[in-house]
Amino acid sequence: IAHYHDDSELAVLVASWTAATIESEVSAAVTSNHTEWNVNVDYRFAFSGTGSPMVMAKLPHQHLTNYTSVAGPYNHPLLGPYELITTSDNMWHIAETLPITSFTYPPVSNYNNQLITVWQGDVESVLGYSTPTTPVDWMRWLGSIANLALLGDSLGQNIVDLVNVLRSELSKIPLYNGLVTNDIAFLYDQRWSGIVTGLGITNCSGTVDEGNAFYRTHLGHHGYLIYAYAVAFYFLDDDYRNDYQETALYFARSLLNSSTDDTSFPLWRHKHWYLGYSLMTGIEPSTTKIADTTGEMTLGYYGCYLLGSILQQQDLVTWSLATLATETSSIKTNFQFASSNSITVNDHFVQGTITSRDDRSYGYIYEQGNADFPQKNASMSIPMLKPVTLTSENSLDEQWLSTFRPFVAAGITGNIDPESLCYGLGVTATSSNVAEIVSQFVSNCTTELPYGSTWSSVLYWVLSTYS
């Protein structure tokens with residue numbers, strides 16, 4: 001039986017346990033070898049009272065370096081597969097690696113002209129949008145612009161108009177005390193110590209503005225904004241950076257505060273250190289530990305990493321990498337498909353069969369973009385990959401994609417919405433069908449996508465991976 005305790009939530013199994021409390025502390029450190037980050041996360045814990053030595057449940061995504069296996073693996077109906085372990089020092093040492101990424105998209109080997117064409121179609125669409133009327137859409141819109149600016153700069157394209165939009169829009173939050181427009185406002189919530197959008201503050205059901213006032217999916221929503229600030233600081237001068245870095249760091253602290261001295265925000269608002277991924281439910285009533293789209297989950301921490309890098313905030317860099325590394329490890333390990341699972345494409349289910357593999361029947365259950373973890377079966381909606389950035393390659397590796405590629409290939413043959421088509425084409429790409437995939441991106445790149453998604457970012461990922 002798992003026993004959970006506060007923010008660090010270690011699962012502890014004890015033969016005869018009379019402990020009164022479990023106290024735990026999380027620390028992190030990162031080193032670089034010029035090609036990748038070596039990320040180390042330590043859990044220090046102790047318990048009072050008497051009982052047998054602590055025996056703990058280790059999950060598959062937890063890459064521990066200092067444990068002794070006692071028994072297992074077993075298959076728990078909620079946790080999935082686990083094994084019982086002990087450590088000699090009442091500490092967990094977890095080691096992960098992440099490729100080093102910067103603000104520069106490495107060049108692709110082939111189809112560069114086609115990628116530029118698709119990028120130009122995105123820019124025309126995104127700059128043609130009228131200013132969004134909801135805070136969450138506004139943040140996603142700015143995230144799209146930031147992504148296009150980075151990719152366009154790497155392609156040698158003129159990005160002045162994109163950067164100017166970032167300059168103008170991002171300055172409005174501090175300039176007008178959080179009031180961007182009559183509909184887009186940001187407030188500090190003293191009750192729950194966080195930044196929320198004003199649109200849903202009087203909505204008791206938490207359904208307005210995708211539940212932002214109830215802290216639902218803040219990691220994704222505010223991640224777009226933090227990412228946009230980081231990109232703006234990269235392209236603009238020091239004066240702009242000095243004027244608005246406090247605002248950008250304010251949002252980063254709301255997601256990734258790692259200091260008990262910062263009483264304005266809770267520690268690691270969404271992070272579930274034991275399960276590895278981040279909880280997105282917020283304060284809305286829920287009986288499940290829910291995670292939303294994998295792309296937005298990682299974007300929040302990736303945006304904080306870029307912001308910490310450009311502002312030379314080492315603590316922010318360290319904790320961004322620690323949360324990002326454990327996030328992607330959990331996603332790749334726990335989100336698995338069994339042969340009888342299904343995929344949601346344009347709000348309908350497509351059945352498929354995976355052959356020549358063992359049935360990994362544990363992990364997330366995705367349905368129309370939402371995930372309940374842990375569950376025995378899995379289904380998904382394609383836009384869970386939204387948005388695709390340079391960090392997406394860390395969590396979207398070939399082995400992981402192969403578990404659900406057959407479902408997606410079957411699902412994008414019909415008449416589906418543009419966003420599902422965009423990400424579906426990305427998922428079904430392989431080294432043998434790149435030319436066909438590129439052609440479809442070129443044909444569809446002037447079709448508008450919802451805020452946060454761009455055709456060219458997905459195509460770049462395809463080309464950098466398979467061409």
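Contact means heavy atoms within 4.5 Å. The model discussed here is predicted.

Q: Which residues does Leu307 touch, not counting residues up to four places away in sequence?
A: Leu307 is one of two residues with the most contacts inside the largest nonpolar core; Trp138 is the other. Leave out its neighbours up to four places away in sequence. The residues touched by Leu307 are then Ile226, Ala230, Phe233, Ala248, Leu249, Ala252 and Leu316.

Q: How many residues does the largest nonpolar core have?
A: Trp138 and Leu307 have the most contacts inside this core. Its residue count is 123.

Q: Which charged residue lines the largest cavity?
A: The structure holds 4 cavities of 30 Å³ or more, and the largest has a volume of about 40 Å³. Its lining is made up of Tyr43, His61, Gln62, Ile94, Glu96, Trp273, Tyr274, Gly276 and Thr326. These divide into 4 nonpolar, 4 polar and 1 charged.

Q: Which element of the protein chain has the lowest mean pLDDT?
A: The chain averages a pLDDT of 80, and 77% of the residues score at least 70. Helix 3 (residues 160-170) has the highest mean among the elements, 97. The lowest mean, 39, belongs to strand 12 (residues 348-351).

Q: How many contacts beyond four places in sequence does the model have for residues 339-380?
A: Over residues 339-380, pLDDT stays under 50. The model still places contacts there, and those beyond four places in sequence number 135.

Note on methods
Residues are numbered from 1 along each chain as its sequence is written. This is a predicted model: local features need pLDDT of at least 70, side-chain atom pairs count only at pLDDT 80 or more; totals for chains, interfaces and linings use all residues. Side-chain values use heavy atoms; hydrogens and water are left out. A nonpolar core is a set of buried Ala, Val, Leu, Ile, Met, Phe, Trp, Tyr and Cys residues joined through side-chain atoms within 4.5 Å. Buried means under 20% relative accessible area, exposed over 50%, partly exposed in between (1.4 Å probe, protein chains only). On a 1 Å grid over the protein atoms alone, a cavity is a set of points where a 1.4 Å probe fits but cannot get out, and a pocket is an open set with protein on both sides within 12 Å along at least five of seven lines; lining residues have an atom within 4 Å of a point. Grid points are joined across faces, edges and corners, and a volume is the space filled by probe spheres set on the points. Ala, Val, Leu, Ile, Met, Phe, Trp, Tyr, Cys and Pro count as nonpolar, Asp, Glu, Lys and Arg as charged, and the others, Gly among them, as polar. pLDDT is the predictor's confidence in each residue, from 0 to 100. Helices (H or I, at least four residues) and strands (E, at least two) are DSSP runs, numbered from the N terminus.
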